[in-house]
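Subject: Structure handover

Hello,

Here is the structure I promised to pass on. Please open it first, then read my notes below.

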Amino acid sequence: MSNYTENRPWGSFTVLDEGNGFKVKRLTVKPGQRTSLQFHKHRSERWTIVEGEATITLGNKIHKLIVNEWIFIPLGVKHLLANEGKNDMQLIEVQVGDYLGEDDIFRLEDKYGRI
């Protein structure tokens with residue numbers, strides 16, 4: 001499948017590669033923006049920061065990551081990604097699971113009204 005980009009209220013993502021049981025994306029989060037507080041029923045994710053600094057809520061803990069640091073998002077664990085900086089933040093997301101569709105996002109909180 002060819003690369004494609006989708007815009008979101010918080011920034012965008014580009015699918016770089018996908019195959020049986022995996023998908024690789026580049027996420028760009030605009031300054032001052034964040035994703036919804038969410039979880040997935042069918043996939044886990046690994047995020048590696050490649051530009052900027054990320055503030056990540058994972059379960060009940062908050063992590064601050066910089067370039068070349070990574071975090072594992074287990075299946076079923078609530079998480080949120082935020083960019084508190086003044087420049088774009090980018091990460092590489094590797095999804096692994098039995099279903100990788102965008103409808104495997106269960107939002108608990110969303111500042112953009114997507115619940």
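Start with Lys64 and Glu84. Their side chains form a salt bridge in this predicted model. The closest N and O atoms lie 2.7 Å apart. This pair links distant parts of the chain. Lys64 sits in strand 7, residues 61-65. Glu84 sits in the loop between strand 9 (79-82) and strand 10. The two are 20 residues apart.

How accessible are they? Lys64 has 48% relative accessibility, so Lys64 counts as partly exposed. Glu84 reaches 54% and therefore counts as exposed. The cut-off for exposed is over 50%.

A search of the whole structure finds 7 salt bridges.

Is Lys23 buried or exposed? Lys23 is buried, because its relative accessible area is 6% and buried means under 20%. Glu18, at 24%, is partly exposed.

Asp110 and Arg114 are another pair. Here the closest N and O atoms are 2.9 Å apart. Asp110 has a relative accessible area of 13%, so Asp110 is buried. Arg114 stands at 24% relative accessibility and counts as partly exposed.

Then the network. Salt bridges link Glu6, Arg8, Lys25 and Glu102.

Now to the nonpolar side of things. The largest nonpolar core has 16 residues. Which of them touch the most other members? They are Trp47, Ile56, Ile71, Leu81, Met89 and Leu91.

At least two residues each come from strand 2 (11-19), strand 3 (22-29), strand 5 (43-51), strand 6 (54-58), strand 8 (70-73) and strand 10 (89-97). Strand 6 gives the most, with 3 residues.

Take Ile56 as a way in. Leave aside its neighbours within four places in sequence. Ile56 is then in contact with Trp47, Lys61, Ile62, His63, Leu65, Ile71, Leu80 and Leu81.

If you have the viewer open, begin with Lys64 and Glu84, the pair that links distant parts of the chain. Then go to Ile56 and its contacts, including Trp47 and Leu81.

Best wishes

Key: Residues numbered from 1 in each chain as written. Predicted model: local features only at pLDDT ≥ 70, side-chain atom pairs only at ≥ 80, totals over all residues. Heavy atoms only, no water. Core = buried A, V, L, I, M, F, W, Y, C linked by side-chain atoms within 4.5 Å. Buried < 20%, exposed > 50% of the residue type's maximum accessible area, 1.4 Å probe, protein only. Helix = DSSP H or I, 4+ residues; strand = E, 2+ residues; numbered from the N terminus. Contact = heavy atoms within 4.5 Å. Salt bridge = Lys/Arg side-chain N within 4 Å of Asp/Glu carboxyl O.
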